[in-house]
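Biologist: I would like to go through this model with you, one region at a time. Could we begin with how two of the helices pack?
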Amino acid sequence: MADKSIAVLPFVDMSEKKDQEYFGDGMAQEIIDILVTIPGLRVIGRTSSFQFKGKTVDLRTISEQLGVANVLEGSVRKSGDRVRVTAQLIDSHTGATRWSQTYDRDFIEVLKLQDEIATRVAREVEANALFSEILPPKILRNVEAYTAFLRAIDATDAQQQVIDLQQAFYLDPTFAGAASALAGAYLFLGEAGLMPAGEAFGKARHTADRALELDPNDSGAHEVLGEIYLEYDWDWAAAEREFKLAKTLAFHGLGSTQGDSTRLSLTLGRWDDAVRIVNKAVADDPLDPQSYLWLGIVEIRQGRLPEAEAALRRNLELDPAFNFSHYVLAVVLLARGELQAALAESLKEPIKGYRLVGSAMAYSALGLKSESDAALVPLLKIYSAYIPSGIAAVYTFRGEKDDAFKWLDRAYAQKDPLLYRITFSTEFDALHDDPRYKAFLKKMKLPE
């Protein structure tokens, strides 16, 4: 275990009304974002660190699960325009406090305060903390805008997140971080079928471009552009360029950049790269369910079904409602011949469209054609504008290739954001020997 390693836990809300949880979470997130810029310091991502939120867990357990030598924890209290922040750095091996301090500041100074805490932490773990050579000084121009931004990054409802970020950027049109996060929020709405893809990806692109006008080094905006190139434009070279740039600007590449690189590697058939990237993602963020989802997908493509199932069950252990995971697990179970279990997993999928896709395939495998047809009815009626590639997957599984290619062509025409998956999703393997499949890959400029 490296001594220069740290996990930042969410700061506890100590305000009288207990209404500042978003501020405590945001304080921890912002400190993580600063610490990851320090060369030589291994920083666990937010998703893993926040797994311990609200739990009474021994520090030694945290150390063992995350593989870190240090833990930063703290508390926040906000009253009017004043904040009190307490931070303490703890040696997770011994439980001894290495450093502790309480700050009383005006809220307008909160960004400087985050830098101060991160600098002191880096010094205590003997990491390079020359922020002046890495990051420009940050200035909080609008308290209300920053407050709305903190609420947004802590929100779980996608629509509410967009509203909060729109408010933050409206209140401070120079706030590049708010623009970048808003671009990502629009992107998610398109990916999840909560907004028509053309509208969502158009807004995401425009807002990401605006973020880069304000700050050309905003890694999140480059990441969003990379996802647009991958999922909507199918411009593989541009996607790779943006993902590499995002990772470089984010230094350690924490966040979803490694997941994006995994997706691109799978899309282009670079299996070894995908394995390497996803294993690094699991090591960097060992309690992040997303890493295990992509590990499971990589294992499926490699034909290692028991390992794929283990990764997906670990994903669901960390987050039982993680989007897409029950569906992917159902695909694994179908391949293993566990048909009833596959149906059960399909019916647990939180994304309704893919709940129907998975159940239509499972019913077909069980020989229940009328039930499979019944699952197809709402897919064709409601979701044809959102996930035509999912409908193509059902027809492929049922052996109805003409209908499968008809829906793949429709997915191409509609720019289905999930169509990039065609090269690595085993749901489409039955099409590989059909000459129409190679022609389709050529049209998408994908390797055969």
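Biologist: What is the handedness of the crossing of H7 and H9?

Modeller: The crossing of H7 and H9 is left-handed. Please keep in mind that this is a predicted model.

Biologist: At what angle do the axes of H7 and H9 cross?

Modeller: The angle is roughly 25°, and the axes of H7 (residues 176–191) and H9 (residues 219–233) come within 8 Å. Because angles under 35 degrees count as roughly parallel, H7 is described as roughly parallel to H9.

Biologist: Which residues meet there?

Modeller: From H7, Ser180, Ala183, Gly184, Leu187 and Glu191 take part; in H9 they meet Gly220, Ala221, Val224, Glu227, Ile228 and Glu231. The residues of this contact divide into five nonpolar, three polar and three charged.

Biologist: Glu231 interests me. Which side chain makes a polar contact with the side chain of Glu231?

Modeller: The partner is Arg263, at 2.5 Å. Arg263 lies in helix H11 (residues 257–267), and its side chain is also joined to that of Asp260 by a polar contact of 2.7 Å.

Biologist: Is Arg263 buried or exposed?

Modeller: Arg263 has 7% relative accessibility, so it counts as buried; the cut-off for buried is under 20%.

Biologist: What else does Arg263 touch, leaving out residues up to four places away in sequence?

Modeller: Besides Glu231, Arg263 touches Glu227, Leu230, Trp294, Tyr420 and Phe424. Glu227, like Glu231, is among the H9 residues that meet H7.

Biologist: Now a change of topic: Asp25. Where is Asp25 found, and why does it count as buried?

Modeller: Asp25 is in helix H1 (residues 21–35). It counts as buried because its relative accessibility is 1%.

Biologist: With which side chain does Asp25 make a polar contact?

Modeller: The side chain of Asp25 makes a polar contact with that of Lys53, at 2.4 Å. Beyond residues up to four places away in sequence, Asp25 touches Pro10, Phe11, Arg46, Phe50, Lys53 and Asp154.

Biologist: Last topic, H19. How many of its residues are buried?

Modeller: Nine of the ten residues of H19 (residues 388–397) are buried, so this helix is largely enclosed by the rest of the structure. The buried residues include Pro388, Gly390, Ile391, Val394 and Tyr395.

Biologist: What covers the buried residues of H19?

Modeller: The cover includes helix H17 (352–365), helix H18 (369–382) and helix H20 (401–414).

Biologist: And which residue takes a positive phi just after H19?

Modeller: That residue is Gly399, with a phi of about 80°.

How values were computed. Residues are numbered from 1 along each chain as its sequence is written. This is a predicted model: local features need pLDDT of at least 70, side-chain atom pairs count only at pLDDT 80 or more; totals for chains, interfaces and linings use all residues. Side-chain values use heavy atoms; hydrogens and water are left out. Helices (H or I, at least four residues) and strands (E, at least two) are DSSP runs, numbered from the N terminus. Buried means under 20% relative accessible area, exposed over 50%, partly exposed in between (1.4 Å probe, protein chains only). A polar contact is a pair of N or O atoms within 3.5 Å; within protein, one must be able to donate a hydrogen and the other to accept it, and residues adjacent in sequence count only if both atoms are side-chain atoms. Contact means heavy atoms within 4.5 Å. Axes are lines fitted to C-alpha atoms, for helices over the stretch in contact, and angles run from 0 to 180 degrees between N-to-C directions. Angles under 35 degrees count as roughly parallel, over 145 as roughly antiparallel, 65 to 115 as roughly perpendicular and the rest as oblique. A crossing is left-handed if the near helix is turned anticlockwise from the far one by less than a right angle, and right-handed if clockwise. Ala, Val, Leu, Ile, Met, Phe, Trp, Tyr, Cys and Pro count as nonpolar, Asp, Glu, Lys and Arg as charged, and the others, Gly among them, as polar.
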